[in-house]
Amino acid sequence: MNIGKFLPNFVVRLSGWLLPVSLVIVWSVAVQNSWLSSQILPAPIDIVRAAINLTVSGELAKNIAASTVRAGWGLLIGSSIGFLLGLLNGLSRTADRFLDTTVQMIRNVPHLALIPLVIIWFGIGETGKVFLVTLGVFFPIYANTYHGIKTTDPQLIEMGRVYGLSPWQLFSQIIFPGALPSILVGLRYSLGLMWLTLIVAETIATTSGIGYMAMNAREFMQTDIVVLAILIYALLGKLADTSVHLLELRILQWHPGYKRR
Amino acid sequence: METKTNLKSPSNLALKIEQVSKKFGNLTVLENLNLEIQPGTFVAIVGRSGCGKSTLLRLISGLDQPDTGGVFYDNQIHRQLNGHARVMFQEARLLPWQRVLDNVRLGLGKDSKDRALEALKHVGLESKANEWPSVLSGGQRQRVALARALVHEPRLLLLDEPLGALDALTRIEMQRLIEKIWQETGFTAILVTHDISEAVTLADRVILLDGGKIDLDVAVDLPRPRHRDHPKWIQLEEEILNRVLNTPEI
């Protein structure tokens with residue numbers, strides 16, 4: 001049954017926010033009545049105040065920018081490598097035979113376990129963090145690109161050959177568009193891993209970024225800033241996910257599963 | 001009675017199949033098959049499932065190669081896919097991510113829009129040019145596939161049971177459409193089908209394949225458009241059907 005039929009449109013649209021907003025209200029009331037110590041969890045209003053203060057001082061913008069740049073580079077490098085390798089192994093049996101075992105072995109190493117090694121290799125600068133994000137986002141893109149290409153409908157490829165398409169046209173008009181839904185799923189997974197990796201990477205030896213902001217605040221028991229940092233991660237994660245979803249709606253218009261309702 | 005008018009007589013293609021054999025592993029699908037098809041004729045190939053009719057069509061198109069023997073287009077040996085022949089498959093095989101018009105233009109240059117629209121008009125679907133294939137019905141999809149084949153002005157159109165998955169009414173509509181377009185353009189057509197009545201309705205010549213060999217080769221000399229209640233039509237259909245049913249199952 002679809003309850004959307006009986007409710008006004010904007011209510012349906014906002015229904016995803018119903019639960020988070022109620023939780024914030026419950027939390028507010030709990031701190032206000034001292035059921036919850038503000039040392040453990042500060043009141044939402046304190047977090048808002050912290051956010052305003054940090055925004056005014058410019059610290060918040062600076063840290064978000066630092067994190068975004070790291071995330072962006074890591075995503076760019078990692079997804080490019082994943083995409084190209086996925087293409088290569090998906091299209092060429094020989095490459096697949098040579099490389100897939102290696103990729104599967106690398107995948108099974110939790111990339112965060114490499115942190116000690118990364119610090120030795122790259123020190124505590126930007127490179128190490130970007131490297132970790134790169135490793136984190138690489139695999140979902142690789143696996144989904146590979147899978148998307150392998151599962152392209154062979155009947156469509158045969159049809160393309162009958163209609164005289166060149167190998168490049170076969171790729172650009174049949175294989176790649178066929179693999180796109182799968183590649184975008186990979187991108188969504190990657191974005192999740194991107195923030196996860198960054199959170200961990202930024203808690204070790206940094207001088208900027210949201211993770212640094214949180215670690216620094218912990219030293220001074222500023223729980224409001226710690227919670228603010230966590231909330232920012234949540235929002236950035238949601239923002240990234242939403243943008244890929246919009247991208248899906250735009251690129252996959254043809255797909256019956258992605259119709260705008 | 002003249003069965004059809006040949007507007008573009010030099011554009012159709014003479015086909016010759018000489019001593020063609022094809023094996024898949026130990027299974028012989030076609031054995032020393034010989035067949036000659038006159039330019040501009042409509043030939044139907046019928047037979048039980050597994051008699052090799054689809055394989056023969058794939059060999060003719062150049063999608064597969066025969067083990068021995070050869071396929072000749074206008075006395076030239078045909079070794080690989082080329083622009084002379086176009087295939088319509090049992091499934092429409094439209095690209096779901098391209099709009100109907102772009103599907104019809106597949107493999108054509110940038111200036112092909114008018115031609116593609118013209119082809120869509122031919123099959124009565126110009127109003128659907130900007131739709132996604134997923135919103136079309138099965139019959140409409142096959143009509144788009146037909147337009148996609150026609151826009152290349154093929155000299156040989158190969159039809160691999162393209163109406164097999166359609167409902168009875170849509171099928172009759174499509175048969176009429178194919179017949180009409182064939183009469184207008186005059187390409188050589190080869191239709192593979194398991195539906196004997198479809199073969200007798202459309203073809204100048206019906207070939208029955210059995211065990212990789214030609215079991216029956218009859219000319220259908222009936223005026224077009226053909227009516228299914230014509231005594232000759234009924235007699236022919238029954239004759240071919242009995243022959244199919246009498247052949248041992250593989």
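**Figure 1. Burial and overall dimensions of chain B.** Of the 250 residues in chain B, 42% count as buried. The model shown is predicted. Along the principal axes, the C-alpha atoms of chain B fill a box of roughly 50 × 45 × 35 Å.

**Figure 2. Secondary structure of chain B.** Chain B contains seven helices and ten strands. Its radius of gyration is 18 Å, close to the 18 Å given by the globule rule for 250 residues, so chain B is as compact as a globular protein of that length. When contacts in chain B between residues at least 6 apart in sequence are considered, 71% join residues at least 24 apart.

**Figure 3. The six-stranded sheet of chain B.** The sheet is open, and its strands follow the order 6-7-8-3-9-10. Pairing within this sheet is mixed. Strand 6 (85-88) and strand 10 (213-219) of chain B are the edge strands, each pairing on one side only. From one strand to the next, the twist averages 20°.

**Figure 4. Strands 3 and 9 of chain B.** This view shows one strand pair taken from the sheet order 6-7-8-3-9-10. Strand 3 covers residues 42-46 of chain B, and strand 9 covers residues 205-210 of chain B. The two strands run parallel and are joined by four bridges.

Figure 5. B:A44 stands opposite B:V206. B:V206 lies in strand 9 of chain B, which is joined to strand 3 by four bridges.

How values were computed: Residues numbered from 1 in each chain as written. Chains lettered and ligands numbered in written order. Predicted model: local features only at pLDDT ≥ 70, side-chain atom pairs only at ≥ 80, totals over all residues. Pairing = 2+ DSSP bridges. Axes fitted to C-alpha atoms, helices over the stretch in contact; angles between N-to-C directions. Rg over C-alpha atoms; globule rule 2.2 N^0.38 Å. Buried ≥ 20, exposed ≤ 12 C-beta atoms within 10 Å, placed from the backbone. Contact = placed C-beta atoms within 7 Å.
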